[in-house]
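Take a look at the sequence and the model below. Then read on for a short tour.

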Amino acid sequence: MQVVCWLLCLGLARALAVLQKDQVAQHAIKLYRSKGATHGHSWLASNCKRLVGLLHQKNVVVKKLAAAADAVGKDQALSEPERLFQVHTLEVFQKELNESEHLVFQAVHSLQRALQGDYRDVVNMKESSRQRLEALREAAIKEEQEYVELVAAEKHQQEAVKSALAQNKTLSMLDEILEDVRKAADRLEEEIEEHAFNNNKQMKGVNVEAVLRVEDDEENGGKRKNKSKQKEVEDDLGLSMLIDSQNNQYVLTKPRDSTMPRADHHLIKDLVSVVMLSLPCGWICTLVGLPPMFGYIICGVLLGPSGLNSIKSMVQVETLGELGVFFTLFVVGLEFSPERLHKVWKTSVQGTCYLSLLMVGGGLLWGQVLRIRPTQTVFISTCLSLSSTPLVSRFLAGGNRGDKEGDLDYSSVLLGMLVMQDVQLGLFIAVMPSLIQAQSGDLDSFLFGSLRVLYLLAQVLVSLAAVLLLCVLIKSFVIGPYYKKLHTESKGNKEILVLGMAAFVFFMLTVTEFLDVSMELGCFLAGALLSTQGHMVTVEVMGCIEPIRDFLAIIFFASIGLHVFPTFVLYELTILLVLTLTLVIMKFAMAVLVLSAILPPSSRHIRWIVSAGLAQVSEFSFVLGSRARRAGIISREVYLLVLSVTTLSLLLAPVLWRVTTHKWVARAERKTIT
């Protein structure tokens with residue numbers, strides 16, 4: 001019966017344009033009787049009459065509001081701002097009435113469209129659901145805007161009442177001062193408010209999403225702590241969390257009112273948890289003879305989604321960990337002078353290119369056997385060919401790596417190849433859109449993508465030349481006077497020196513990022529440029545930067561543990577161990593083969609150590625894998641396999657490094673002595 005009523009109301013909506021309002025109810029009753037209905041006549045007639053009465057009353061009210069707005073506009077006793085505000089308030093009421101009427105007939109039309117559709121046609125049902133969802137989102141936006149305007153009107157009325165009361169009494173000096181401050185504060189809020197919502201909602205690519213606001217309560221058995229004034233203050237500060245329909249979680253990044261300080265308590269709690277748990281985990285690993293970075297990764301596993309799931313600001317923690325990568329490479333550059341870089345640059349470039357080509361060739365061969373798409377094979381092979389620069393840098397930290405004149409030491413070759421892989425990473429990220437076009441199978445798009453790859457390669461070479469030219473200029477004219485000035489100003493106060501070094505690192509990082517080269521390369525070059533000022537400068541800078549580097553590196557390795565899923569590894573332990581061991585052995589063998597071909601005869605004994613340093617997968621495969629999964633290059637299953645193999649290879653790397661160096665470093669030293 002209610003469905004019939006809604007259909008009749010739809011006919012009523014169509015008849016509004018040609019029938020008088022008092023004839024609509026009779027018209028609906030005739031339609032209902034023509035269907036032979038015998039029940040519910042009084043219910044239908046009363047509801048149709050009620051709807052017509054509401055529409056008639058709405059039209060009367062709209063006319064009265066329009067007349068009131070005209071009267072306010074002609075009232076000369078009101079000031080111009082007051083007149084405009086009252087007119088705008090009346091227009092808000094008119095809009096609310098019109099939108100309410102529109103939603104009634106929109107709902108009726110949606111019901112008719114649903115009844116006319118085929119329930120077996122899933123595509124049609126999906127499209128109808130999408131249209132209703134879009135309509136609800138638009139209605140929610142309009143209602144939110146009207147609510148904000150009504151809140152502003154209420155505030156204006158309260159201010160008007162206060163102003164009227166103030167005019168009836170003599171203001172004290174303090175009251176006058178506070179009134180002036182209030183007006184200045186209102187002007188300040190109007191100046192700093194960005195209206196980000198209204199400015200961005202019409203932009204291309206902007207989607208309206210429904211979100212849940214989760215209050216910042218302590219979850220202790222479902223009990224809520226002290227929900228009173230303190231809770232109301234937190235709500236007003238906007239410290240709650242938003243969750244969209246895709247289960248993505250958001251925290252406040254910039255408040256509407258920038259005059260009040262705010263703190264992200266989720267991030268503070270996360271950092272406290274990471275630091276406190278990293279101490280016992282790293283300590284235990286040190287006691288059993290393992291590198292402490294194992295303990296930091298285990299800390300991330302325990303606190304991450306696969307463990308206690310207590311880390312709320314995962315993106316912020318991982319971003320802070322990236323600073324650990326930057327400062328780690330800066331310290332590596334301090335120990336890696338331009339003379340050593342000049343000695344190994346040819347070997348580094350050739351070794352990196354040959355190793356990547358061998359990995360891609362081997363991947364394509366396995367892809368043909370397993371019938372995997374070439375684009376997917378190229379991506380996985382290139383991703384797995386990269387090695388972890390921060391991990392190897394920790395291996396080399398504090399080691400005795402002196403080299404003999406004319407020979408190459410393993411640390412120089414290894415770090416040189418890792419730096420070139422960072423450059424290769426930046427190029428690969430730029431080429432990913434072409435892989436996406438190739439994934440679609442469009443021949444024209446693929447050919448265009450190939451030309452684009454050649455263009456990007458030329459662009460990277462030009463950018464590298466520009467970076468090297470800038471480094472030469474900085475070394476010749478800038479770095480010496482800059483450090484001397486910092487050293488002079490920082491006597492008795494190391495803050496200026498630390499700030500100056502960090503600013504220089506971020507400057508080089510920004511330059512290389514602007515030129516579409518890896519940001520990690522900029523951090524490495526910053527350290528290499530400072531190392532040209534001599535050993536004393538290196539020692540002084542190292543003493544200031546190393547504590548910062550160590551703290552941020554702990555967060556970085558803990559953030560790796562956030563992406564380790566022990567349950568998935570246990571479910572697929574056999575296949576993951578086979579894949580990891582196969583990958584490590586294959587990378588080790590390929591690196592030995594390449595280095596045997598390009599190293600000079602006097603330095604070939606270091607190929608085993610360098611190969612051991614390269615026989616793992618870079619943590620940047622997490623980033624590349626997530627981008628490829630969103631782009632549809634790889635599936636969810638392949639993404640999880642890449643993630644797990646990368647993690648296992650990083651865990652296996654310290655063992656392989658310790659075994660190789662124990663056997664070959666001493667032999668290399670004996671050979672150097674003889």
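## The model

This is a predicted model. Keep that in mind throughout.

## Salt bridges

Side chains of opposite charge can pair when their charged atoms come close. The count here comes to five salt bridges.

Start in helix α16, residues 443-489. Lys485 and Glu489 meet there through their side chains, with 3.4 Å from N to O. The two residues are four apart in the helix, so about one helical turn separates them. Lys485 is exposed, because its relative accessible area of 52% is over 50%. Glu489 has 45% and is partly exposed.

## A network and a neighbouring pair

Glu546, Arg549 and Asp550 are linked in a network of salt bridges. Within it, the side chains of Arg549 and Asp550 form a salt bridge at 2.8 Å, N to O. Is Arg549 buried or exposed? Arg549 is buried, at 7% relative accessibility, because buried means under 20%. Asp550 is partly exposed, with a relative accessible area of 30%.

Another salt bridge joins the side chains of Arg636 and Glu637. The N to O distance is 3.2 Å. Glu637 is partly exposed, at 43% relative accessible area.

Helix α17 spans residues 495-514, and helix α18 spans residues 519-531. Their axes come within 7 Å. They cross at roughly 135°.

## A nonpolar patch on the surface

Six residues form a nonpolar surface patch: Leu279, Trp283, Ile284, Leu287, Val288 and Leu290. Together they have about 670 Å² of accessible area.

Take Ile284 from this patch. Ile284 sits in helix α9, residues 265-287. Ile284 is exposed, with a relative accessible area of 53%.

Look for Leu212 in strand β1, residues 211-214. Leu212 is exposed, at 57% relative accessible area. How far apart are Leu212 and Asp244 in sequence and in space? They are 32 residues apart in sequence, and 6.4 Å apart in space from C-alpha to C-alpha.

Now find Asn309. It lies in the loop between α10 (292-303) and α11 (314-334). Asn309 is partly exposed, at 42% relative accessibility.

Terms used. Residues numbered from 1 in each chain as written. Predicted model: local features only at pLDDT ≥ 70, side-chain atom pairs only at ≥ 80, totals over all residues. Heavy atoms only, no water. Patch = residues over 30% accessible without salt bridge, like charges linked within 9 Å, V, L, I, M, F, W, Y side chains within 5 Å. Areas by Shrake-Rupley, 256 points an atom, 1.4 Å probe, with all protein chains shown as cover. Salt bridge = Lys/Arg side-chain N within 4 Å of Asp/Glu carboxyl O. Buried < 20%, exposed > 50% of the residue type's maximum accessible area, 1.4 Å probe, protein only. Axes fitted to C-alpha atoms, helices over the stretch in contact; angles between N-to-C directions.
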